[in-house]
Amino acid sequence: MCAAPFVLGWLAYENRWFSGKAGNYGELIEPRPIDGALASLRGKWVLLTADAAACSAECERKLYIVRQVRKAQGKDAERIERLWLVTDGAKPRADLMMALDGAHVAAPSAPLLQALPGVPLKHIYLVDPLGNLMMRFPAEADPAKMIKDLQRLLKYSSFG
């Protein structure tokens, strides 16, 4: 009876009974330091989106998702900031700016663009409190799964 857990564990490992799939929804990416570009947001988790100022329906949905995901964190919402990079440098519509509800809006700076070569900007990204781009969520992200990932990160992280 005492050896049964060990034997079962060994059998599970040898026969690959478990898929080994990660428990997170977002895709962990190679960390890229972008702290120089986000100095004002250092020390916070940052949900980053990047789109043109015209903001298509897909762009509006991403902005809505990051707003709702942040609000769903409850008392930990203050540990998260939202940043919309306006890729074309134009000014977004006034009604859209009002709907952003406190999100930061910025044109991509040279240091940030240097940190993002080859990064597809259609995704929603997560920047850690140390200024590293470290996770991305699909453009058509599932808010419930994003909420779960962030809750887990905030629970176990002493930063931000």
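User: What makes A144, K155 and Y156 on the other side of α5 count as exposed?

Analyst: The term rests on relative accessible area: over 50% is exposed, under 20% is buried, and partly exposed lies in between (1.4 Å probe, protein chains only). A144, K155 and Y156 are exposed. This is a predicted model, in which local features need pLDDT of at least 70, side-chain atom pairs count only at pLDDT 80 or more, and totals for chains, interfaces and linings use all residues. Residues are numbered from 1 along each chain as its sequence is written, and side-chain values use heavy atoms, with hydrogens and water left out.

User: Which residues of α5 are buried, and how do you know that they are on the same side of α5?

Analyst: M146, D149, L150 and L154 are the buried residues of α5. They cover an arc of only 125° around the axis, so they sit on the same side of α5. The arc is that of the directions from the helix axis to the C-beta atoms.

User: What do the buried residues of α5 pack against?

Analyst: They pack against several elements, including β2 (45–51), α2 (57–71) and β3 (80–86). Contact here means heavy atoms within 4.5 Å. Helices (H or I, at least four residues) and strands (E, at least two) are DSSP runs, numbered from the N terminus.

User: Why is the link between C55 and C59 called a disulfide?

Analyst: A disulfide is a pair of cysteine sulfur atoms within 2.5 Å. The sulfur atoms of C55 and C59 are 2.1 Å apart, so the pair meets that limit. The structure holds one disulfide.

User: Why is the disulfide of C55 and C59 called left-handed?

Analyst: The torsion about its S-S bond is about -95°, so the disulfide is left-handed.

User: What makes E78 and R70 a salt bridge?

Analyst: A salt bridge needs a side-chain nitrogen of Lys or Arg within 4 Å of a carboxyl oxygen of Asp or Glu. For E78 and R70 the N to O distance is 3.9 Å, so the pair qualifies. The structure holds nine salt bridges; among them, D76 and R79 meet at 3.7 Å.

User: Are E78 and R70 buried or exposed?

Analyst: E78 has a relative accessible area of 52%, so E78 is exposed. R70 has 17%, so R70 is buried.

User: Why is R93 called partly exposed?

Analyst: The relative accessible area of R93 is 34%, so R93 is partly exposed. R93 also forms a salt bridge with D95 (3.1 Å, N to O), and E60, R93 and D95 are linked in a network of salt bridges.
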